[in-house]
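Please keep the sequence and the model side by side while reading.

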Amino acid sequence: MRPMKIVPIPRHTLARSVAEQLLNLITAGALKPGARMPSERALMDQLQVARSTVREALQILAASRIIEIRPGVGAFVRTHPRTRLPAARTARQAQRAGRSTAPHHASIAPVAPVAVAKPAPDEPIRVPDLKRDRLATFEFISWWERARVQAARVMVVGAGALGNEALKNLALMGIGNLCIVDFDTIEAANLSRSVLFRAEDGGEKKSLVAARRAKELNPDVRVQYFHGDVNTQIGLGVFRRMDVIIGCLDNREARLAINRFAYRMNKPWVDGAIQELFGLVRVFVPGQGACYECTLTEQARREIALRYSCPLLARQNILLGKVPTTPTISSIIAGLQTQDALKLLHGLPVQPGHVTHINGLTNDFHTTAYTPDENCASHWVYDEVRELADCQAATTTGADLLQIARAELGDAAVIELDQEIVTHLDCPHCGTTTQVFQPISQVTHTDGQCPGCGELRQVKMAHLITGAEPFMDRSLSTLGVPPLHILRARNADEYRFYELTGDLAATLHWSHFEDAARVHVHPRPAITLGQVVETPVEKPRPRIVVH
Ligand SMILES: [Zn+2]
Ligand SMILES: [Zn+2]
């Protein structure tokens, strides 16, 4: 007797039946070509299913070319929608195809099929100019598309060991626009793992030096650096204008922040992590399998909750705990991250919601799928974003924004801030109260101590603008809102999303080190092979002192 065969059950049957219902509405004419699909909330309420199921259903319809999802705008019925869904694949078929069981299409629109290098008869064959064109080699790769690569906007968060390797690859590959975020400065210990840093860069901003050297590696690439904390200082509008985000981080909090920002803006992000000779790589795409927050263990969630139970200590602890790594594992992991980014940019299949573990001791690669969490707090794609061309974080007040929101949402509308505002510090011991009105990220543990008795004071916080707050007339930036941020307002029924678009030109310009003369960090003598060069006398450079 043959052993009984166990076949996996497809996971997405619920989402598929939602997709089928929606398709029926489209074919019956209840939703006309070009019409906007009902909001996620309306679908959740009417169909009595979770938000993640609604999203998965929309992704199925999008992948089947029935609707079109415009990131940050909404979902629309296509002009000529298909009238049926392709047959559902079983989990096994999906596995055999070497892909995730989730409906997959890259979220970068439009997704083109993988091109095979066969020139059409009436098109001249393009011969790459290897002598003049630095990207010529890539022309020989069948699926490589110059236009996509050169138009691509990629954000690298973290300019440490992984970030250096990632940026080096992206610049060499000719990725057109690179945005680099880091809040740290260079120290001697970075030099053993950071291909873009030199000894004389000691004390300089990592983001700045990395951007400058990426520009030096490939002057055709446009770069911009942000010296700041991704948790609180990068506006969502920056994420909104990226194609892919690459996380090169060493802490959970920043990963969680990127995960939420990327999800809200419906952007894929590629995470990497390293320790000694071990590493992992994972791609997260909204609506396609697990996100980063879904992967957190109970223990990790408890640790995060514990940290945030004492808000003033939370941030300081993030900076503790350095992990030992080698330049070899960082180049392997960043190599895989940037390769996945390149695939995402070309609409080639990746494995969202999966993790690849690399064991450098045994040279084993192992890929497994995470289980998505239906109730994950990160799963929220912002609907249509309203661009407020006249609003800037530095000049718009809470009152201004509330007025705009109330004009659309009614008098019950409130603004939800992403960052808690410390309003008061109360000392129960002395019975004193100090007014603060600062974002939590700018209040230190030392600030929390009572100047009278030294006890840690109680922190009073607010995260809503309802119209009654004493900080109504302060600018949004003093309330911790970064430039080009997208704020959310709500009444009892719906959310609206408002972008401080007046910040766009100054915030996202991609034009650091465009002046070619300034690309080189330090003037260098021209060297011809076989020639001995006298180094000209230079002013002394700041050097790293190793203790
Ligand atoms: Zn999740
Ligand atoms: Zn006191």
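Helix 6 (residues 161-172) packs against helix 12 (residues 327-346) at an angle of about 50°, and their axes are 8 Å apart. Helix 6 is therefore oblique to helix 12; angles under 35 degrees count as roughly parallel, over 145 as roughly antiparallel, 65 to 115 as roughly perpendicular and the rest as oblique. Axes are lines fitted to C-alpha atoms, for helices over the stretch in contact, and angles run from 0 to 180 degrees between N-to-C directions. Helices (H or I, at least four residues) and strands (E, at least two) are DSSP runs, numbered from the N terminus.

The model is predicted: local features need pLDDT of at least 70, side-chain atom pairs count only at pLDDT 80 or more, and totals for chains, interfaces and linings use all residues. Residues are numbered from 1 along each chain as its sequence is written, and side-chain values use heavy atoms, with hydrogens and water left out.

The largest nonpolar core has 46 residues, and Leu170, Ile175, Leu178 and Ile246 have the most contacts inside it. Such a core is a set of buried Ala, Val, Leu, Ile, Met, Phe, Trp, Tyr and Cys residues joined through side-chain atoms within 4.5 Å. Helix 12 gives the most to this core, with seven residues. A second, separate core of 34 residues includes Leu236 and Phe497.

Thr396 lies in the loop between strand 11 (385-387) and helix 13 (398-409). Thr396 is buried, at a relative accessible area of 3%; buried means under 20%, exposed over 50%, partly exposed in between (1.4 Å probe, protein chains only).

Note on methods
Chains lettered and ligands numbered in written order.
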